[in-house]
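The report below goes through a predicted model part by part, from local contacts to salt bridges, a sheet and the surface.

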Amino acid sequence: MNRMKTLFFTCVLAVSFFGFYSCEKVIDVPLNDADREIVVEAIGRNFLGESYILLSRSGSVYDDGGFERLSGAVVSVTDGDGNVFIFVEDLTDPGRYVSFDFVAQPSTQYSLSVNVEAQLITATSSSLSTPVLDSLTYINTGGAFGGSPTDTSYLVFYNFVDNVDETNFYQVSAWVNGVKDDNFYIGNDVLGNGQLASAPLFGTDVRPKDTLFVELLSMDEAAYTYLSTLSSNINAGPFSATPANPVSNLNQGVGLFSVYMVDTMTIILP
Amino acid sequence: MFKLISCTLLLIFASSAFGQEKVTLSGHLTDADSGEDLLGARIAINDLPGVGAITNDYGFYSLTVPKGTYSITFKSISFETKTVTIELQADLVYDLEMTPEGRMIGVVDVTGEKMDENVTSAEMGVDKINVKDVDNIPVLFGEKDIMKTMQLLPGVKSAGEGNSGFYVRGGSADQNLILLDEAPVYNASHLLGFFSVFNSDALKDVKLYKGGAPAEYGGRLSSVMDIKMKDGNAKQLSVSGGLGLISSKLTIEAPIVKDKGSFIVSGRRTYADLFLGFSNNPAAENSILYFYDLNAKANYRIGKNDRVFISGYFGRDKFGFSDQFGFDWGNATGTVRWNHLYSDRLFGNTSFIFSNYNYKIKFGSGDDSFQIGSEIQDINFKEDFNFYINSNNTLNFGGNFIHHTFRPGEIETGSDIDFVLNDIDERRSLESALYISNEQSIKNRWKIVYGLRYSNFVQIGPGNIYSFNENGDITGSTSYGNWEKVQAYNGLEPRVSASYILNEKSSIKGSFARTYQYIHLVSNSTSSLPTDVWMPSSSNIKPQIADQVAVGYFRNFFDNMLEFSAEAYYKGMQNVIDYRDGAEVTLNPAVEGELLYGIGRAYGLELLLKKRRGKFTGWISYTLSRTERQFDEINNGAWYAARQDRTHDFSIVAMYNFTERISLSGTWVYYTGNAVTFPSGKYEIFGQPVDLYSERNGYRMPNYHRLDLGLTLLNKKFKMVADPISGEEVKVAKRFESSWNFSVYNAYGRENAFSIDFRTNETTGVTEAVQLSLFKIVPSVSYNFKF
């Protein structure tokens with residue numbers, strides 16, 4: 001919904017005749033640099049080898065040098081039964097920590113512990129039940145939304161049934177021909193608990209003969225709150241909310257610890 | 001003790017001995033040319049210093065004095081003062097038609113009449129706009145606009161280009177009550193705030209109360225903008241209009257029955273989209289962009305004591321792209337009124353008022369379409385009385401009752417669309433008030449207006465009402481039936497305003513007011529948009545409360561040629577609303593869980609220097625102010641500057657009449673930029689760079705300044721006609737008047753920032769601050785006529 005709002009208001013500005021007069025220019029805005037924060041991107045998934053923890057540091061707004069990764073940290077995830085999974089640093093990708101045996105289980109509570117730069121960062125995340133993607137359907141939207149009527153383009157809908165016993169939060173991501181679409185779609189079951197959910201991948205451009213790979217992730221509320229506040233940040237523009245840091249579930253630093261249960265499906269468009 | 005009682009009795013007998021035979025002089029003051037009521041006109045009895053009256057909103061006055069013969073002066077701004085001698089031996093009705101002064105602004109006033117109203121009246125914190133002044137102040141695209149002109153006065157801040165609304169004394173845009181003939185106008189902006197919905201050709205009077213409004217007004221914390229439409233020329237047909245580059249308008253007024261009833265119809269339409277058709281940009285070519293306004297009013301006098309009015313406004317903005325996308329919004333208001341004179345000392349007005357604001361956004365067309373809409377609708381019954389007790393006291397009392405209906409989100413999908421989104425429940429509430437207020441003058445030195453307003457708000461069913469915990473999660477929901485009470489609030493709102501006349505040139509004033517606001521505009525964006533939704537107070541949302549204290553010093557110089565005022569105010573606000581970080585405000589049935597409550601404070605100093613007469617007229621205004629908010633959950637509970645906090649706000653308006661036919665005007669505004677939140681760092685997550693923020697509103701947008709210039713050329717008003725008797729040529733006024741107006745907005749082309757975005761440069765990969773500004777120089781031409 002946020003994206004839609006930003007999208008059409010960007011249209012407002014672009015299309016209006018004020019476009020004749022308005023102009024953009026780069027200006028110099030001095031900023032007070034905040035203290036450097038430790039950034040933790042900790043993701044658990046239910047497929048072996050897909051879980052990782054990425055540690056880096058924040059930089060100044062005008063820095064163009066990339067983000068410093070943090071090596072030499074001691075990272076582990078513990079599940080509800082007390083099993084400890086150690087994550088070791090991937091030597092080919094410094095700052096990225098992986099595990100050989102961690103596979104996320106449904107309906108389990110996990111806790112993260114990261115010991116880096118003499119700081120201890122902890123967080124907890126609960127996994128829910130594994131979602132099931134029922135099907136991917138599509139409609140031909142050639143000519144809509146400003147496109148030429150002879151173009152064939154598709155709008156793909158994902159369909160799945162929500163688990164009525166849980167309060168669920170979802171994320172859907174898409175890959176077109178192996179390339180990940182930057183857009184991601186997040187939602188919850190407040191309006192449709194236990195019902196068939198069907199929604200379009202609004203911003204994903206799919207053409208004939210494309211291979212579309214869709215991933216449906218189920219996550220807990222802390223992760224959903226983080227991702228929705230993050231998406232407002234990324235989509236910030238003149239008509240958006242006052243920007244603020246996404247609401248994180250880490251005890252310090254910025255970032256997220258989330259354990260996802262994932263289902264995937266592939267479709268090839270005609 | 002005995003001495004006290006006998007003294008008191010003696011005083012009572014003494015005053016009743018003097019108050020022996022009192023008679024009442026009453027009547028209506030009207031414009032001799034058009035028959036329009038003159039409001040705020042002054043009647044003074046020269047033989048009794050300090051005794052006088054002011055006409056009410058319908059031009060009615062009433063004065064009760066001892067029998068005798070008096071010299072009485074009638075005066076009104078831009079009309080010729082008239083003095084008559086009246087013998088008052090019995091109650092008398094004396095109506096007067098007053099002749100307008102020379103048509104131009106700023107004719108040198110030969111009679112030297114005292115226009116010292118700003119010093120002597122007890123009102124403070126009020127800005128009045130002479131609607132004729134508006135005609136000469138250059139505005140964007142040559143459109144005369146009372147709301148843009150109001151923003152040139154101290155204490156009133158424009159929300160900036162591309163933003164609808166305005167801020168008064170540090171309040172937010174939803175805290176201004178805008179009334180057109182008593183009907184509230186919920187969104188007074190066209191085209192994202194570039195123009196207001198008010199066509200100044202249809203207006204008679206505009207008053208802005210900056211917080212210390214008298215007890216008859218209530219419901220919004222920061223200001224009341226009371227706009228009165230013209231009634232229509234009751235003497236002859238009058239047509240006026242204008243053709244401009246961006247819009248055109250036409251106004252027709254005529255009597256229904258001469259001197260008894262009249263009507264006025266006024267319309268305006270832009271045609272910006274016609275120019276878009278010439279564009280090379282295919283996106284621009286298929287765009288639809290226009291707005292229109294229609295004002296209509298009729299009135300009729302039935303007998304000596306009754307008058308009936310019916311007025312309405314209808315306006316719409318349409319924005320769209322061929323038939324794939326459409327966005328339209330607009331207001332519709334209607335008022336039916338009945339004035340009745342119960343006696344020559346008791347005037348009453350009964351009104352039925354309807355107001356509706358809605359918007360609709362549509363994607364696609366036919367079966368493949370998806371439409372979201374939102375609406376607010378009010379039905380209001382209002383009763384007001386003016387009771388003119390004696391020459392020192394005027395009692396105003398009355399009440400009103402409003403039924404509000406809110407439809408925050410209504411969704412319609414075409415049959416081809418599969419996904420389902422439910423409508424958000426409709427909300428209903430009742431807002432009512434009773435007030436009583438007295439204007440009293442004591443010993444010709446003090447004038448006090450004191451009153452009390454009692455307001456009440458009830459949220460009623462039907463509907464499902466959610467309850468929330470402190471994290472904003474839904475903890476339950478209760479169902480209510482039709483008209484069932486969910487939650488009630490009420491409040492007492494004392495209003496006091498006093499002025500003490502130091503000498504005939506200067507006075508000091510003070511005021512205190514408490515106000516309650518029961519409906520709130522939910523807007524999570526940094527700009528205000530037509531899609532912002534109005535929400536009522538409820539079991540989850542408490543009413544906002546403001547207490548404002550103000551003091552002022554008013555002084556006139558050079559025989560009232562120059563007016564100076566200095567006002568300082570402090571306003572404290574409770575139950576102010578803001579949003580959780582990342583709140584989901586659009587189409588959220590549980591939006592009440594996203595709201596946070598805190599407190600606010602605003603204080604400032606407003607200075608105004610105005611030159612009213614002469615070839616050169618205008619004003620300079622300066623406001624120094626601060627407005628801040630404090631919420632436990634935002635900015636770690638520390639006070640932070642509200643977005644509309646602007647330390648300095650400076651305006652200069654100048655109008656110069658070179659000759660009878662040529663006048664030049666200029667406006668220069670300067671203000672500190674809005675408080676804004678910029679990032680203080682950046683990091684990477686999920687492969688994307690994300691901005692890191694530390695303080696809320698800790699930075700400022702660049703300062704805004706702009707010069708506008710305008711030139712008005714009046715075509716010849718007289719023609720030479722041979723006198724039928726003597727054969728000589730004499731000057732005769734032409735019936736058809738016309739003028740050309742040339743204006744330039746932003747004459748030196750400053751690129752004022754509309755927004756600043758931090759983006760990664762696609763070529764170099766470096767983050768840079770990119771400023772978007774909306775206007776450089778915008779010239780405009782328009783042709784105006786009247787006959």
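Contact means that heavy atoms lie within 4.5 Å. The model is predicted, local features need pLDDT of at least 70, side-chain atom pairs count only at pLDDT 80 or more, and totals for chains, interfaces and linings use all residues. Residues are numbered from 1 along each chain as its sequence is written, chains are lettered from A and ligands numbered from 1 in the order in which they are written, and side-chain values use heavy atoms, with hydrogens and water left out.

Apart from its neighbours within four places in sequence, B:Tyr670 is in contact with B:His648, B:Asp649, B:Phe650, B:Asn703, B:Tyr704 and B:His705. The C-alpha atoms of B:Tyr670 and B:His705 are 4.2 Å apart in space, although 35 residues separate the two in sequence. B:Tyr670 lies in strand 41 (residues 662-671) of chain B, where helices (H or I, at least four residues) and strands (E, at least two) are DSSP runs numbered from the N terminus. Its relative accessibility is 25%, so B:Tyr670 counts as partly exposed; buried means under 20% relative accessible area, exposed over 50%, and partly exposed in between (1.4 Å probe, protein chains only).

For chain B as a whole, the secondary structure comes to six helices and 52 strands, and 59% of its 787 residues count as buried. Among the contacts in chain B with a separation of 6 or more, 64% are between residues 24 or more positions apart.

**Salt bridges**

Over all chains the structure holds 45 salt bridges, a salt bridge being a side-chain nitrogen of Lys or Arg within 4 Å of a carboxyl oxygen of Asp or Glu.

| Pair | Closest N to O |
|---|---|
| B:Glu493 and B:Arg495 | 2.6 Å |
| B:Glu628 and B:Arg626 | 3.2 Å |

In the remaining pair, B:Glu628 is buried at 7% relative accessibility, whereas B:Arg626 is partly exposed at 29%.

**A sheet in chain A**

Chain A has an open sheet of eight strands in the order 8-7-4-5-6-3-2-15, with mixed pairing; two strands pair if DSSP finds at least two bridges between them. Strand 8 (119-126) and strand 15 (254-259) of chain A stand at the edges and have a single partner strand each, so one side of each is left without a neighbour in the sheet. Strand 2 (residues 38-44) and strand 15 of chain A pair in the parallel sense over six bridges, and the bridge partner of A:Gly44 in strand 15 is A:Val259.

**Surface of chain B**

Chain B exposes about 31700 Å², of which carbon and sulfur atoms supply 58%; accessible areas come from the Shrake-Rupley method with a 1.4 Å probe, and for residues only the protein chains shown count as cover. On the surface, B:Ile310, B:Val336, B:Phe352, B:Phe381 and B:Phe401 form a nonpolar patch with about 460 Å² of accessible area together. Patches are made of residues with over 30% relative accessible area and no salt bridge, like charges being joined within 9 Å and nonpolar side chains (Val, Leu, Ile, Met, Phe, Trp, Tyr) within 5 Å.
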